[in-house]
Amino acid sequence: MHDDRSIVEHRLRRVLAERIKPAVYSSPQPLAVARWEAPGEPVPVAEGLAAPYRPTAVGERWGPAWGTTWFKVTGRIPRQWSGCTVEAVLDLGFDRDMPGFQCEGLVYRADGEAVKALNPRNAWVRVDKPEVELYIEAAANPILTAHAPSYEGDRLTASDEPLYRLRRMDLAIFQTEVWELVQDLEVLGGLMLELPVADARRWEILRAIERCLDTVDLTHVEGSAARAREQLAGVLSSPAHASAHRISAVGHAHIDSAWLWPLRETVRKVARTASNMVNLMDGHPEFIFAMSQAQQFAWLKEHRPEVYAKVKKKVADGQFVPVGGMWVESDTNMVGGEAMARQFLYGKKFFLDEFGIDTKEVWLPDSFGYTAAMPQIVKLAGAEWFLTQKISWSQTNKFPHHTFWWEGIDGTRVFTHFPPVDTYNSDLGGREMAHAASNYREKGAGSRSLVPFGWGDGGGGATREMLARAERLRDVEGSPRVTVEKPATFFEQAHAEYPHAPVWTGELYLELHRGTYTSQAKTKQGNRHSETLLREAELWAATAAVRRPGYSYPYAELERIWKTVLLHQFHDILPGTSIAWVHREARDTYTRVREELGQIILAAQQALAGEGERTLVFNGAPHTRRGIPAGGAVPEPGRIGEPVMCTERAGGGYVLANGLLRVEIDARGLVISACDLAAEREAIAPGQAANLLQLHQDFPNMWDAWDVDAFYRHRVTDLTDCDTVVAEAAEDQVAVRVSRTFGDSSVVQLITLRSGAKVLDIDTEVDWRESEKLLKAAFPLDVKADRSAAETQFGHVFRATHTNTSWEAAKFEICAHRWVQLEEPGWGVAVVNDSTYGHDVTRDIRTDGGQTTTVRLSLLRAPRYPDPETDQGTHRLRFALVPGAGIGDAVREGHRINLPERTVQGGNPVEPLVTVDSDQVVVAAVKLAEDRAGDVIVRLYESHGGRATATLTPGFPVGPVTATDLLERPRPQDAGAYEVSADGTVRLSLRPFQILTLRLSRR
């Protein structure tokens, strides 16, 4: 029997490939072909249609990397084909195995109407008029999937050589019965191979396939196709068992908003895919296609309004379904809390404004792990369900559930599905459907799963072949039942069936792609700084709009900038995993964003400061510092605290002290002591040195920019040699300047102790010229800690410092936002930063019996794929050591290092627009309401992980105060209207890590 099975399998594969599939098209007639090369960047459609074409032919080469070639194909359907189904077969030189990662085309009629896209597995256009005149906008996107360094990833460095060769430009008769035979055989062949060997159904299908192949006349397939299909009718009509798994099949095309192509090419990929899906819907009213990412709809609206009009009609018809509710499918590890809120604000607002649809599911199949803050954010955005696929990529531990409740840091739960098909690009073949059923982990309690099907990334989306498979698998023995339907239908049914699904608490950590916390440091820094500047711009602009009648709040400018920043949080941009072109443009974009926001901030502060010669210091942080209220401005305060003393240290180096900290820096420029004088506690582990730069070899097994593999730790070089160690005294502070060289690189650090500060600041400038190396900064701390705390959105997460289980060991690289903190009862230490996300925390037992817990920041990497020059150049990174820090101190100092004070000349001190009397409650945003009614929106959160009460004091006459969701809609479950006391204050009570958004109406 084994030999029979193998023989039939190989026979089926060959007969399909060499005889039956080629017979789908018969009587091919060549079309006349002409071409025009667009100069430089893509041109408008009208320009492409009117261009001067020259004759070309099949076999000719075309397309330098990133170029656009327009083809014009003309011909006439032969009269003898009357009554036949005719298609143009237009092969640009495709590799069938790589849809979405090579050349692509979009076909137009002579009047400029987009018809459909051309892709490796979708290279046809139905022709229904005798005269044929079609135009193809063909994109010569280079193939960059080899995981090897390539300079083709930027048009500035790419080759001018043509990449592709026209393979076929024909008219042909489409043999419907042969095509149907292909679908029958592919579905049954795939199902047969997935069924257990001992299953009689497997052998029943095998014998039917064998009879079918015996019936096919290999010299005249079209004449024998109908008889051959009759041999399969019995096995295809046998119904599925009553207990068969149920699959909700959702058409989808996961399109990375940038990755191995630039943003401008994604705009075209979206237009091609949307055109394809509308075309498929026209012939298949049962077809449902879900598209996420409001940004991609917005691109269609802006750049291809005629395609968008068709999409909008299909949305109204219920076939084209917006899902997800985020501006883009963003990274969720590194995106700041307020930015995550705005992903939903602007994403859901777009879908509501354009389509009247309030999306209920969050659709993030491909992001690289999911923050534990997400469940609360999802619920506050008005969504109910969450979908992910990427956790199936984890290398070490298999996730235990496919349908479950996901509980976040505040206790909020969201109903979550993780499709057991293990792909978000399913072909709906029998083999994948059988795998989904066998892999499903909720057997006996649940019976449903969701399958996203369609070629992504410009591969064209769903195909007619996939719909044919869905129809065949709708009710067939041995397979799950497949129904094409909306995601919401699946979630409603799955929730109703399995309301008491198991609970997973905490982050969904991806045990892969840990290098994404560090790669492309300038992109990450641009994001962090942009988020910070947006906070300031809204705070000061809102304050000026309320306080200065002549000042106009810049609604449009802020929304445009927010959407730009949100776009660059896409899960292949912010994580640093795109080609050089993408990150080069991102750096330029962040520069423009910084300049624009700087102008908005300055204009608002000048309006607030008014005329005068005094220097006013503005504090945009959420905590009072140096006597300056949060959100306010005062004249330059005097020195706070004792002066900083600096003495030379025996053996070289310096001792710095300010009455709060005593710090020793040795002759190597390393911090060997940081003593909390009040607590009489030493932060640095005995015999060790902090701010130790360490260099590792960094050559992961496959995903260069994505991965840091655990074996990187096997080789390390401590950078202890230094060129100079020099003390520099300035007003109210002393800095020690340390310079080093290593390899082809150099680093200069300023280690600074300020008057009145219990913080040691470290400003690091690196000229980075290494390749395939990882630079870390180590802080070995004299703290016994079984867990670390790391800031995440609107709170923090605890992670074990030990490796008791494989789950804990797999978290050898972790993500933190502004700080990581360790503590023993009553005393702790924090390490804060201004733009670093990757960290690791380890612990060791010393010979004296004490425990050293080491925090390391991952500063820079140098992977060579997909950008061969990743992070080469100069970087400025800031971080600080905070001895004696509890969670509250870590929160405060994390904001301080990210929100430096600003000075403006003027005459008017500025009272805060709102104040909160508890440092435990952090004001995350102050802005004017999106509806432009002039009300003030304040978003707060509890930051310590405990219960909190606080008094909110508005700095203006306030009317009703109401709790809202992230879209600024009333949210009665958050106490609805808040009582405003006689003195204009509002009393608040928050749960641990609760996010609270308040709308303060103005009287």
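# Close-up views of a predicted model

The structure holds 87 salt bridges, each a side-chain nitrogen of Lys or Arg within 4 Å of a carboxyl oxygen of Asp or Glu. This is a predicted model: local features need pLDDT of at least 70, side-chain atom pairs count only at pLDDT 80 or more, and totals for chains, interfaces and linings use all residues. Residues are numbered from 1 along each chain as its sequence is written, and side-chain values use heavy atoms, with hydrogens and water left out.

**View 1. Helix H9 crosses helix H10.** H9 spans residues 305-317 and H10 spans residues 337-355; their axes come within 11 Å and cross at roughly 85°. That makes H9 roughly perpendicular to H10. Axes are lines fitted to C-alpha atoms, for helices over the stretch in contact, and angles run from 0 to 180 degrees between N-to-C directions. Angles of 65 to 115 degrees count as roughly perpendicular, under 35 as roughly parallel, over 145 as roughly antiparallel, and the rest as oblique. Helices (H or I, at least four residues) and strands (E, at least two) are DSSP runs, numbered from the N terminus. H9 contributes Tyr308, Lys312 and Val315 to the contact, and H10 contributes Phe350, Glu354 and Phe355. Contact means heavy atoms within 4.5 Å. Four of the contact residues are nonpolar, none polar and two charged. Here Ala, Val, Leu, Ile, Met, Phe, Trp, Tyr, Cys and Pro count as nonpolar, Asp, Glu, Lys and Arg as charged, and the others, Gly among them, as polar.

View 2. The side chains of Asp317 and Lys313 meet at 3.1 Å, N to O. Both residues lie in H9, four residues apart, about one turn of the helix. Asp317 is partly exposed, with a relative accessible area of 44%. Buried means under 20% relative accessible area, exposed over 50%, and partly exposed in between (1.4 Å probe, protein chains only).

**View 3. Arg969 and Asp358 link distant parts of the chain.** Their side chains form a salt bridge of 3.1 Å, N to O. Arg969 sits in the loop between strand E50 (958-964) and strand E51 (977-978), and Asp358 in the loop between H10 and strand E16 (361-363), 611 residues apart. Arg969 is partly exposed at 25% relative accessible area. Asp358 is also partly exposed, at 24%. Glu968 is found in the loop between E50 and E51 as well. Its phi is near 65°, a positive value in a residue other than glycine. At 8% relative accessibility, Glu968 counts as buried.

**View 4. Lys811 pairs with Glu507 in a salt bridge.** The N to O distance is 3.5 Å. Lys811 lies in the loop between helix H18 (806-809) and strand E39 (814-815); Glu507 lies in the loop between strand E22 (503-505) and H15, 304 residues apart. Lys811 is partly exposed at 30% relative accessible area, whereas Glu507 counts as buried at 12%.

**View 5. The largest nonpolar core holds 187 residues.** A nonpolar core is a set of buried Ala, Val, Leu, Ile, Met, Phe, Trp, Tyr and Cys residues joined through side-chain atoms within 4.5 Å. Trp70, Phe320, Leu940, Leu998 and Leu1000 touch the most other members. Helix H15 (residues 521-547) gives the most to this core, with ten residues. Beyond four places in sequence, the contacts of Leu998 include Val936, Leu952, Tyr978 and Leu988. A second, separate core has 52 residues, among them Ala521, Ala683, Val783 and Leu860.

**View 6. Leu263 in helix H7 (residues 263-283).** Leu263 counts as buried at 16% relative accessibility. Not counting residues up to four places away in sequence, it touches Ser257, Ala258, Trp299, Leu567, His568 and Ile573. The C-alpha atoms of Leu263 and Trp581 are separated by 9.1 Å, although 318 residues apart along the chain.

**View 7. Backbone exceptions.** Most residues other than glycine have a negative phi, and most peptide bonds are trans. The bond from Tyr865 to Pro866 is cis, with omega near 10°. Pro866 lies in the loop between strand E43 (851-861) and strand E44 (873-883). Asp457 has a positive phi, near 55°. At 6% relative accessibility, Asp457 counts as buried.
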